[in-house]
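Here is a friendly briefing to read alongside the model. Please keep the viewer open and follow the topics one by one.

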Amino acid sequence: MELQVLLSRLENAGYHPQISGNRDSNCDMIHIRILTEGQRHFEETTLYLTSTGLMPEADNRQIFTLFCYGEEIDFSRYRESSFTVVYFGAGIRQAELFNMTLENLTELQQITAGMHILANALFSGNGLQYLVDTASHLFGNPIYVVDLQNKYLAMSAGIVPDDDFFREESASGYISEKGIRSIRVNKVDEKVRGADTAYYFVNSLVKKGMLVDAVHIQGVEVGHVMMLESEHPFREYDPDFFHRFGKLVSMELQKNSAYSRNKGVMYSYFLADLLKNPRQNVSDIKERLKLLGYSLKETFYIVAIPPVSHSFSDLKLEVILEHLKQIFAGSIYVIYEDTIVFLISRDMDQNLSEYEISQLSEYLTANRLKAGISNFYQHLEDTPRFYRQAIDSVHLGLKLKDSAPIYYYSDYYLFQMLELYEKEDSEIRFLIHPGLMKLYFYDQEKNTDFMVTLREYLTHPGQPAKIAENLHIHKNTLLYRMGKIKEITDCDFIEGEDFMNFNLSVRIMRYLGMIE
């Protein structure tokens, strides 16, 4: 058991020891021994128990861990020691400390023996299902592995719960709609991400406990492992054991060729070539794709995930790419300029579906990524221009501090126009409508929020009930505010041109950071 895990368990049990010396040590503790007087040699994996009267010299350069008890001494002299000193105070007896530590180390030995069996299963070459079946036999409860598309990648064959709900899911191969709703309502995914080990909760649909842990590859969340408390109650060390099993599942998934860049490389070549050389013969590209079995539709979109605020390793890009391929099935993709790019082809009457957008949004949110989506276009040779649209939408969305995971270029083209204008004339603030500037200064001077009211009015014209509801005010209050706003801005907001001018001015102010 890692030292830090052991200390965390002791803290949960009500012990609050004082720690001195090496605070970075996190070695696995395998043995426990009573320190003997005058002892000179120490093992890093052995936990030594001693009274404060038999402490070793502070300048001992060996790395090891001491659990000590007895009368308090001056521990400041151990501040720079190579070994770790954990003092439990004068109120604990040697027997209590020994028994409590031994109990935890015994659990470690059980985990270690189980991990040895699971490691053999991992390296047997028999695949994910064999690994899951082996784990289910060790834990004595059914185990499931699902990806972020709610598809079961594996479920234990030996132990099947006697429950209609799980039988239905087993038959379909996917988590049911009812199950997905329950996960979202109870925010299970968020709680799993916030836990430092496997997360326990009671599944209200089957009235049984579950352990859930996230599976990561190179820091990117790719799925979950779940265990149902159906055959017998979980043991105290099961969360830690199951967390370690999740890491083996990650290793097994990395062996899968699906996470390799080679798959689909022919289509990827054409997209990369199109982005680099837009002036080439597009009809030839279409014909070559058709020969390879890929038929383009009438319209196209570009979805791009650029390296936002951090750089990606090749493997990390591959894992992300693999999941997007499941969302945008049948689309052409490439990693270009350290950016994942998807060329999505649709019929004229087809848009990106709600399912695709919701799946993309959930995956991006889970892994703190951002994506840009271009406007649709019809001519393949325009692909580089619309690739820039997708990239620019992310750039502008981040600049404006929008929290959404997906940025549509159609929402940001005005801001790009302002960005281009700003390169010619740095004083774009002078383009703001004078009436809006008066309202802005009035709010600052009088500490009012008429700007907020006007923005809602411009966003929902002719919908006073909705505006009042969004602002949490009475309709009469809204009428009063709008009367005051019209007086300050000297505008009646009757003509469509008034709405256009003030909407544009609001966007200029937002672009300049004057308002959020």
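**Strand 13 and its partners**

Strand 12 (residues 332-336) and strand 13 are antiparallel and are joined by five bridges. Please bear in mind that this is a predicted model.

- Strand 13 is largely enclosed by the rest of the structure, because eight of its eight residues are buried.
- In a regular strand, side chains alternate between the two faces of the sheet.
- Here both faces of strand 13 are covered: one side carries Thr339, Val341, Leu343 and Ser345, the other Ile340, Phe342, Ile344 and Arg346, and all of these are buried.

**A closer look at Thr339**

- Thr339 belongs to strand 13 (residues 339-346).
- With a relative accessible area of 3%, Thr339 is buried, because the cut-off is under 20%.
- Which residues are in contact with Thr339, leaving aside neighbours within four places in sequence? They are Ala304, Ile305, Pro306, Pro307, Val334, Tyr387 and Ile391.

- Five strands form an open sheet in the order 7-6-10-9-8, with antiparallel pairing.
- Its edge strands are strand 7 and strand 8 (199-203), each of which pairs on one side only.
- From one strand to the next, the twist averages 25°.
- Strand 6 (residues 143-147) is mostly covered, with five of its five residues buried.
- Ile143, Val145 and Asp147 are on one side of strand 6, Tyr144 and Val146 are on the other, and all are buried, so to speak of either face is to speak of a covered one.
- Strand 6 pairs with strand 10 (residues 220-228) over five bridges in the antiparallel sense, and Asp147 is opposite Gly223 of strand 10.
- Strand 6 and strand 7 (residues 152-155) run antiparallel and share three bridges; Tyr144 has Met155 of strand 7 as its bridge partner.
- Eight bridges pair strand 9 (residues 208-217) with strand 10, again in the antiparallel sense, and Leu211 stands opposite Met227 of strand 10.

**Nonpolar cores**

- In soluble globular proteins, nonpolar side chains tend to be buried together.
- The largest nonpolar core in this model has 53 residues, and those with the most contacts inside it are Phe242, Phe245, Val249, Leu324 and Phe342.
- This core lies between domain 2 (124-254) and domain 3 (262-421), because both give residues to it.
- Not counting residues up to four places away in sequence, Val249 touches Leu128, Leu131, Val145, Val215 and Val225.
- Another core lies apart from that one and has 36 residues, among them Phe415, Leu454, Leu458 and Ala468.

**Aromatic pairs**

- How many aromatic pairs does the structure hold? There are 30 aromatic pairs.
- One of them is edge-to-face because the rings of Tyr15 and Phe88 have their planes at 80°, with centres 6.2 Å apart.
- This pair links distant parts of the chain, 73 residues apart: Tyr15 is in the loop between helix 1 (3-12) and strand 1 (18-21), and Phe88 is in the loop between strand 5 (84-87) and helix 2 (94-122).
- Both partners are buried: Tyr15 has 18% relative accessibility, and Phe88 has a relative accessible area of 12%.
- Tyr48 and Phe64 also form an edge-to-face pair, because their planes are at 90° with ring centres 6.1 Å apart.
- Tyr48 lies in strand 3 (residues 46-51) and Phe64 in the loop between strand 3 and strand 4 (65-69), so this pair ties together parts 16 residues apart in sequence.
- Tyr48 counts as buried at 3% relative accessibility, and Phe64 counts as buried at 1%.
- Ring pairs also link Phe42, Tyr48, Phe64, Phe75, Tyr78, Phe83 and Tyr87 into a cluster.

Terms used. Residues are numbered from 1 along each chain as its sequence is written. This is a predicted model: local features need pLDDT of at least 70, side-chain atom pairs count only at pLDDT 80 or more; totals for chains, interfaces and linings use all residues. Side-chain values use heavy atoms; hydrogens and water are left out. Buried means under 20% relative accessible area, exposed over 50%, partly exposed in between (1.4 Å probe, protein chains only). Helices (H or I, at least four residues) and strands (E, at least two) are DSSP runs, numbered from the N terminus. Two strands pair if DSSP finds at least two bridges between them. Axes are lines fitted to C-alpha atoms, for helices over the stretch in contact, and angles run from 0 to 180 degrees between N-to-C directions. Rings of Phe, Tyr and Trp (its six-membered ring) pair if their centres lie within 6.5 Å; planes under 30 degrees apart count as stacked, over 60 as edge-to-face and the rest as tilted. A nonpolar core is a set of buried Ala, Val, Leu, Ile, Met, Phe, Trp, Tyr and Cys residues joined through side-chain atoms within 4.5 Å. Domain bounds come from an automatic or database domain assignment. Contact means heavy atoms within 4.5 Å.
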